[in-house]
Amino acid sequence: MIGRVDKIGVACSGGKDSTTLLYVLNKIFKPTKVKLIALAIDEGIEGYRDPNFDFLKKFCKESGVELKTYSFKKEFGKNLDDITEKDKETIPCTYCGVFRRKILNEKALEIGADKVATGHNLDDEAQSILMNQFRKNVRASAILGPVTGVVDSEKFVRRIKPLYFLTEKEIATFAYLNGIMDKFVECPNAILGYRNVVRDWLNEFEKKFPGTKHNIVSSFLATLPLLKENYKKGEIHSCRKCGGASSKEICQACVLLERIN
Ligand code: SF4
Ligand code: ZN
């Protein structure tokens with residue numbers, strides 16, 4: 001998953017998953033020449049980011065990991081709360097996910113990271129697989145997996161998910177036992193998302209039929225190479241507006257920005 005690298009960007013939110021990831025990667029790579037850089041993005045959600053960022057700053061300082069922070073406000077001129085206020089029809093997560101991915105990719109390219117590691121776990125992946133199935137979004141499934149993306153391009157930094165096969169519960173237990181977990185504040189928008197419904201439903205199902213989440217992910221991985229092969233033909237363009245990487249003429253971030261502007 002990681003291969004030969006000099007620099008890994010670690011997407012950090014100050015939550016238990018990404019902080020556990022940073023803790024483990026730091027343990028592995030501290031004695032080597034590989035440099036880790038924590039990348040944190042402040043979306044501008046009142047009462048949510050500050051406590052988690054304070055914890056992350058402290059954690060990085062104590063572990064000797066460089067931390068770089070970015071914000072929606074600085075990159076796009078607006079906080080997520082301002083955007084939510086302007087567009088009440090769209091759930092905030094739609095903007096949040098697209099803008100976050102754009103910042104992460106651009107900043108990872110800027111710092112010369114070979115890979116970007118994210119704290120996605122088995123629960124996240126099982127939810128994403130089902131959400132894509134329910135919405136008939138096959139293309140979105142093709143970019144899932146432990147290593148994201150379908151085509152190599154110098155415009156994209158590959159995202160990897162080292163915690164891919166671990167459940168949320170396992171990570172929470174590890175974080176707790178290793179003293180990583182602090183008080184973690186949940187995003188107030190989380191209850192609005194489609195993912196939230198799928199998460200509750202899947203947890204209920206797992207309780208009745210243990211192993212369901214693992215089975216969803218394993219059977220998905222059996223078909224993933226075919227999916228990736230099928231979508232390999234798509235080209236990566238430079239967005240006509242911002243110059244960033246995009247599978248279409250105009251990238252999704254610019255489409256969304258135009259909507260709110
Ligand atoms: Fe962003 Fe939605 Fe996650 Fe909140 S729940 S951080 S709005 S994606
Ligand atoms: Zn663009």
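Reader: What spacing do the donors of the zinc ion (ligand 2) follow along the chain?
Author: This is a predicted model, where local features need pLDDT of at least 70, side-chain atom pairs count only at pLDDT 80 or more, and totals for chains, interfaces and linings use all residues; side-chain values use heavy atoms, without hydrogens or water. Residues are numbered from 1 along each chain as its sequence is written, with chains lettered from A and ligands numbered from 1 in the order written. Donors are N, O and S atoms within 2.8 Å of the metal (3.2 Å for Na, K and Ca), and sites may look incomplete because water isn't among the atoms. Here the SG atoms of Cys 239, Cys 242, Cys 251 and Cys 254 coordinate the zinc at 2.3 Å, with the spacing C-x2-C-x8-C-x2-C.

Reader: How many residues apart are Cys 242 and Cys 254?
Author: Cys 242 sits in the loop between strands S6 (237-238) and S7 (245-246). Cys 254 belongs to helix H11 (residues 252-260); helices (H or I, at least four residues) and strands (E, at least two) are DSSP runs, numbered from the N terminus. The pair links distant parts of the chain, and the separation is 12 residues.

Reader: Is Cys 254 buried or exposed?
Author: Buried means under 20% relative accessible area, exposed over 50%, partly exposed in between (1.4 Å probe, protein chains only). Cys 242, at 36%, is partly exposed. Cys 254 comes in at 8%, so it counts as buried.

Reader: What geometry does the site of the zinc ion (ligand 2) have?
Author: Four donors count as tetrahedral if all angles lie between 85 and 135 degrees. The angles among the 4 donor atoms here run from 107 to 112°, and the site is tetrahedral.

Definitions and conventions: Tetrahedral: all angles 85-135°; square planar, octahedral: opposite > 155°, others 65-115°.
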